[in-house]
Amino acid sequence: MKVLPSGDKAVLVEFSEALEARIWAERLVEHLPVTLGATTVLVHAPRSAVQPLLTALSKSSNPHTPAHQGQAHTITVHYDGPDLHRVAGITGMSPDQVITAHTSCRLTVGFAGFAPGFAYLIDGDPRLQVPRLDVPRPHVAAGSVALAGAFSGIYPRESAGGWLIIGRTKEWLWDTERERPARLRPGDTVHFEAI
């Protein structure tokens, strides 16, 4: 782990992999507020408070599995997105092969961000790594299933966005009327199913 300053009121702790960051975020959040990233944990406290805690937690029992094992979700998708053929061209696959690759993996919610309820899904088929759009779209419909870099994601509500849209779902992802507004949280798994 590498500890870096982030202003005078926070530190950024870098890890070598997403699972390690999630395990540490779960341990740290019992003591201080944190924000989980792909392979980082932003601890919202000065270094003078964080460094002793990191040292103490390093010396204590160090579980290798996260406390939150996560829920499994199946999300049904209409694979008719405006960028499906573009993704096929970038990856050298046919549109059907893109769909098969996207539905054959069980992805993990690595972290959340960008917008409430937006989950960054990791552990997808590495052949589906594609760049973001050069110019983001001003409007992306809620439920758009998209790819960018090594991530898959689902836009939980209408917003701007630069990911390549390969499909759409009608399933809920963010609802403030629910006890847990975000359907997907770090550690959950997602399996996409074509309909």
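Residues are numbered from 1 along each chain as its sequence is written, and side-chain values use heavy atoms, with hydrogens and water left out. Because the model is predicted, local features need pLDDT of at least 70 and side-chain atom pairs count only at pLDDT 80 or more, while totals for chains, interfaces and linings use all residues.

Helices (H or I, at least four residues) and strands (E, at least two) are DSSP runs, numbered from the N terminus. Two strands pair if DSSP finds at least two bridges between them. An open sheet is formed by 4 strands in the order E1-E2-E4-E3, with antiparallel pairing. Strand E1 (2–5) and E3 are at the edges and have a single partner strand each, so one side of each is left without a neighbour in the sheet. From one strand to the next, the twist averages 20°. Within this sheet, strand E2 (residues 11–14) and E4 run antiparallel and are joined by 4 bridges. In this pair Glu14 stands opposite Thr40 of E4.

Helix H2 lies across E1, E2 and E4, and runs at about 175° to E1. For such angles, axes are lines fitted to C-alpha atoms, for helices over the stretch in contact, and the angles run from 0 to 180 degrees between N-to-C directions. Contact means heavy atoms within 4.5 Å.

The next topic is how the two helices meet. Two packed helices are described by the angle between their axes and the distance between the axes. For helix H1 (residues 18–28) and helix H2 (residues 47–59), the axes come within 11 Å and cross at roughly 110°. H1 and H2 are therefore roughly perpendicular to each other; this term covers angles of 65 to 115 degrees, whereas under 35 counts as roughly parallel, over 145 as roughly antiparallel and the rest as oblique. On the H1 side the contact is made by Trp24, Arg27 and Leu28, and on the H2 side by Leu53, Leu54, Leu57 and Ser58.

Is H1 mostly covered or mostly exposed? H1 is mostly covered, with 9 of its 11 residues buried. Buried means under 20% relative accessible area, exposed means over 50%, and partly exposed lies in between (1.4 Å probe, protein chains only). Among the buried residues of H1 are Ala18, Ile23, Trp24 and Glu26. The buried residues of H1 pack against strand E3 (34–36), strand E4 (40–43), H2 and strand E7 (119–122).

Some loop residues follow. Gly37 is in the loop between E3 and E4, and is buried, with a relative accessible area of 11%. Gly37 and Tyr120 are 83 residues apart in sequence, and 9.3 Å apart in space from C-alpha to C-alpha. Phe114 is found in the loop between strand E6 (106–112) and E7. Phe114 is exposed, with a relative accessible area of 52%, and its phi is near 70°, a positive value in a residue other than glycine. Asp123, in the loop between E7 and strand E8 (137–140), also is not a glycine and has a positive phi of about 70°.

Strand E9 (residues 144–148) and strand E10 (residues 151–154) run antiparallel and are joined by 4 bridges. Ala146 stands opposite Gly153 in E10. The hairpin of E9 and E10 has 2 residues between the strands, and Gly149 in the turn has a positive phi of about 60°.
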